[in-house]
Every structure is written in structure tokens, then in C-alpha cells.
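Student: Take one part of this model and go through it closely, please. I would like a connected account, with the cut-offs behind each term.

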Amino acid sequence: MSLGGYRLNIVISGKRNVGKSSIINSLLNQDIALVSDYPGTTTDPVYKTMELHPIGPVTIIDTPGIDDVGNLGNKRVQKAHHAFMKSDIGLLVVDDYPDVYFSNILKIFEKNAIPFLIVLNKIDMFKSDIIEYYSKKYKKNFVSISAKKNIGIEELKNKIVSMKPEERSIPMIPEFIKENDIVLLIIPIDTGAPKGRLIMPQVNAIREILDKKAFPVETSIEGIPNVLKLLSKKPDLVITDSQAIKKVSQLIPEDIKLTTFSILEARHKGDLRLLSENIEEIENLNDGDSILIMEGCAHRPMSEDIGRVKIPNWLKKYTGKELNFKFIAGKEFPDEEDLLNTKIIIHCGGCTLTRTIMMRRLVHIKRLNIPIYNYGVIISYLNGVLERVMIPDLL
């Protein structure tokens, strides 16, 4: 399965004044990035979303020079590192032989399994020996260009196309759902539901069910008893919003398979085993422990927000402990030092993230040996129904 409706994120990095902004202008064949001979013109990561032929929809992330100096420079470099975590492909732009900055960026790309290209810019000013050096050392991961003279830009585009990641094909709707099956979707209508529309996981689920030539049936919690009576046969699967799992599990007979949208998203976008293993660590929480709640999108928090209000309240009630909660929303990723004292991490389903970015987050967190759980997993555990919703066929 390809990235589908998701844009390819291409991060462009390198030292100050190597021509990162000029490369963006050449790639897009228009002057949209500020170019200057003065080092440090780009002060923060700049996100440019557009169509790039023949690649398709992309977001190009123009980062500040990685060799920026001073306190402000350090903050800029830190923001550049955050941008790397959001990328599908990394372009490391150079105009000289490798140095410590080059090595640092390369380590970040390799550590986070980010496919990369070494882009030697300004080749109209160089002798052939530097081109030969990079070509021999990095082979297919190297391209030489001149953004100013528009040399090698098409080759650069073709290299990017060849590196476009193909995401592992894990559908949201389980494989056991076949043609003519019935899938009952429980969609609560409450203060957290967007007025007049469905949220992304619900829409994606309906589309996948239709693609399987199965039948999606939607109802609110209150409609469950009547729908079950009206259906000519039992649903082959029931999917509910996580925060309604306790009530829904009481209304759906035990012989009907039941799970949550968030658990299916965890399987679709990430690693459900990793996001549910050692869930019993919750029993070992103590007063003062820090818990990080991570959300993939940056929505405006509601008064009954599931991540910022409901999950913390449920956890405190379940454990009887005074816990400290930290929150991160959007595609930003915390620095390692900010995670060192974190006892557990709780992550949303990641419906707005690509699988590439979600898996990078999980690999990074696993490396730090911090337990991480999915919203649907932890809510089901706290309500005593985790064993039921973790259908064996999902793992």
C-alpha cells in the first residue's frame, strides 16, 4: 500500500548557506524560498506543501543550518532535529567534504531509519575529485547538482521518486471480514463528536468495509438494542469508539466480536503488539510518576477531551495515585531528555500520521525502554474488557 492520501514529507538539511532554499526553488521551478548569500537566512523549519511532478503531493521541510551558533542557533538546530522525525525522505545538502556537522546529520538519519540522499550542490564550482569521493562512498544515495545553474535537478527528482517508501499493507478492517459480512459501527453522538461529520477513523472504516463488499451499519450507543433486533443475522464484527467501550461491551453479546476504532488504527498505523505489551505496568504506578499523553493531531482540546481529561481521570481513579501528566499534540516529537523520567507513554491511534512516522516514533520510544500504550488498549484495560477487544486475529 502506498502513502495514498498522505503527502510525502521531504526534509532538506545541511550547513548554513549550502543552498537548501535554492534547491527548493529549483525543484519547484519557482521562487518560493528566500535565498540570500548571508548565512542563516532560514531561521526555523519552513513547511511548503504542494504538488511536485513526477513525485506527487509533497511537503518540503526547509530546515535552518545545522551549524547555527549561539543560544538562538541551538534552538534552531533543535527544531531542525524535530523536523527530521516527521520526514519520509532526508536530503543532506553539502558543498564540501564531510565534517562533524555532516556526520551528525547522517547519524540522525541512520538512527531513525530515514532514507536519505547526499546532495552535492554547486558542482559548477568544483573539481571532479569531490564528486568522485561522494559518488564512490554513497553510490545510489548520492546525486550532484547545481541549483543555481539548474543542473541535475531532474536526476534529483528521479532519485526521490525511487526512494518513495511503500508502506506495509495492513488494512484497518481485519482480514477476516469478507464479502456480505455485516460490520456494526458504534458512533457516539456527544460533545466530543464533530457536528455534522464523522471523524477520519470512522470514514476510513466505512470505506474499507465497502471495498470488501461487506455491509457497514452505523448507530449510536442508544440504537444498539434496536439495530441488533432489526438485523437478520448477528454482526460479524462490532467496532466502537474507545471511550464508550464499557457500555457497548454490556450491550453486545459475548459471542459477537468486538473491538475499537483506536485499536484498529494502532494495528493499521503502528505495532499493536508493542502498543499493548506489558500493560500490567499500570499496576506499578506510584504517586508522582510522570505520564506522557501523545496525540498525532493538534485539535482544540474540548472540556471532555479524551486525551487531556478523560484518560488522566480514569487512570487516577483506577490507580488511586497522584500522577503527573504531560501532553504533546501534533507531529512534533519530544527530545530524549524530556522522556527520561517518563514512566509510561499513551499514544492516540495516529489517524493523521503515516505509518512510516508512527513506526519511527515507536522504534525511538522502544529504544528508550519506555512502555507505550494505545488509547483504545489502555481504556479497554481500565474498563476490564481488554481481553475481549484484543481479538486474536488482530495480532
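Tutor: A residue is called buried under 20% relative accessible area, exposed over 50%, and partly exposed in between, using a 1.4 Å probe and protein chains only. The model is predicted, so local features need pLDDT of at least 70, and side-chain atom pairs count only at pLDDT 80 or more, while totals for chains, interfaces and linings use all residues. Residues are numbered from 1 along each chain as its sequence is written, and side-chain values use heavy atoms, with hydrogens and water left out.

Start with strand β3, residues 56-62, where six of the seven residues are buried. Strands here are DSSP runs of E with at least two residues, and helices are runs of H or I with at least four, numbered from the N terminus. Strand β3 has β1 (residues 8-14) as a parallel partner, through five bridges; two strands pair if DSSP finds at least two bridges between them. In this pairing, Val11 is opposite Ile61 of β3. Strand β2 (residues 46-52) runs antiparallel to β3, and seven bridges join them. Here Glu51 has Pro57 of β3 as its bridge partner.

Next, the helix packing. Helix α1 (residues 20-28) packs against helix α5 (residues 153-163) at an angle of about 85°, and the axes are 10 Å apart. The α1 helix is therefore roughly perpendicular to α5. The axes are lines fitted to C-alpha atoms, for helices over the stretch in contact, and angles run from 0 to 180 degrees between N-to-C directions. Under 35 degrees counts as roughly parallel, over 145 as roughly antiparallel, 65 to 115 as roughly perpendicular, and the rest as oblique. From α1, the contact (heavy atoms within 4.5 Å) involves Ile23, Ser26 and Leu27, and from α5, Ile153, Leu156 and Lys157. By class, four of these residues are nonpolar, one is polar and one is charged. Nonpolar covers Ala, Val, Leu, Ile, Met, Phe, Trp, Tyr, Cys and Pro; charged covers Asp, Glu, Lys and Arg; the others, Gly among them, are polar.

Finally, the backbone in two loops. Most residues other than glycine have a negative phi. Ala113, not a glycine, has a positive phi of about 55°. It belongs to the loop between α3 (100-111) and β5 (116-120), and Ala113 counts as exposed because its relative accessibility is 62%. Lys122, also not a glycine, has a positive phi of about 70°. Lys122 is placed in the loop between β5 and α4 (128-138). With a relative accessible area of 22%, Lys122 is partly exposed.
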